[in-house]
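Here are some friendly notes to read with the model open beside you.

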Amino acid sequence: MNKGYGTFCPVAKAAEVLAERWTLLLMRDLLLGSRHFNDFRRALPPMSPSLITKRLQSLMAHGIVQRVPGGDARHPWQYRLTPAGEALRPIVMAIGEWGQRWVRSDLDPADLDAGTLMWYVHRHFRPAQMPARRVVMHIALTDQKLRHWWLVLDGGAVELCTDDPGFDVDIEIHATLLTLTQVYIGDLAFDDARARGVLRVRGTQALTRDLHRWFARSAFADVNPRPVAPAAAAA
């Protein structure tokens, strides 16, 4: 049975491909650099592996994504955008900016997930402003069962760890999941969170002085910024 809109309109044809549930979020992650199947699983934990496969197959069938050899045993395959997929970048970014400006809402507990947040935090540091040396950051989400996360920043690359990587920690950050999410999406400025005591930072002044300049923030964090009410201080 044809599940299309039954019209030649280009908007309808595009919607037939891109408006399926989860497809735009997969495109967002591909545009952010996700290449391997487990990248999508970590970025979109509510999405089942079978549905990830189905949506990727649909994108490949429409010439938006291609599957190529991954080059190592851990990642035998990777997914790459075709020119048609890359052409969607300004469209996906415009949708994100529109959503941040016009349909954002107060964060509900159902919107918060530690794994998803930390995955995107590790993707959005600002390499050009990061310290030249390796920096190990320990983030403690004070209200979560999975409380401890480590980030190893080295040469512009950022590795996310749920187990202690074994290096000396240079920076420690303590905050609730809500506070760190507010900082990441732009509802709460990094320095404001520190001043309110809801985000605590420990480390040498040389590293922490400019941390607000290179700490991870959403690509849409500066669109329609808004103040939030003070939250309880981090435990």
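Throughout these notes, buried means under 20% relative accessible area, exposed means over 50%, and partly exposed is in between, with a 1.4 Å probe and protein chains only. The model is predicted, so to speak: local features need pLDDT of at least 70, side-chain atom pairs count only at pLDDT 80 or more, and totals for chains, interfaces and linings use all residues. Residues are numbered from 1 along each chain as its sequence is written, and side-chain values use heavy atoms, with hydrogens and water left out.

1. Let's start with the rings F125 and W214, both of which are buried. Rings of Phe, Tyr and Trp (its six-membered ring) pair if their centres lie within 6.5 Å; planes under 30 degrees apart count as stacked, over 60 as edge-to-face and the rest as tilted. A search of the whole structure finds four such aromatic pairs.

2. How are the rings of F40 and Y79 arranged? Their centres are 6.2 Å apart and their planes stand at 65°, so this pair is edge-to-face. F40 belongs to helix α3 (residues 37-43) and Y79 to strand β2 (residues 77-81), and the pair links these distant parts of the chain, 39 residues apart. Helices (H or I, at least four residues) and strands (E, at least two) are DSSP runs, numbered from the N terminus. F40 and Y79 are both buried.

3. Back to F125 and W214: their pair is tilted, with 6.1 Å from centre to centre and 40° between the planes. F125 sits in the loop between α7 (114-123) and β3 (135-141) while W214 is in helix α11 (residues 211-214), so the pair ties together parts 89 residues apart in sequence. Ring pairs also join F125, F190, W214 and F215 into a cluster.

4. Two arginines are worth a look. R67 lies over the face of W77, 4.1 Å from the ring centre, and R134 lies over the face of F167, at 3.9 Å. The test is that NZ of Lys or CZ of Arg is within 6 Å of the ring centre and within 35 degrees of the ring normal.

5. Which residues of α4 are buried? They are I52, R55, L56, S58 and L59.

6. The buried residues of α4 pack against α2 (23-32), α3, β1 (65-69) and β2, where contact means heavy atoms within 4.5 Å.
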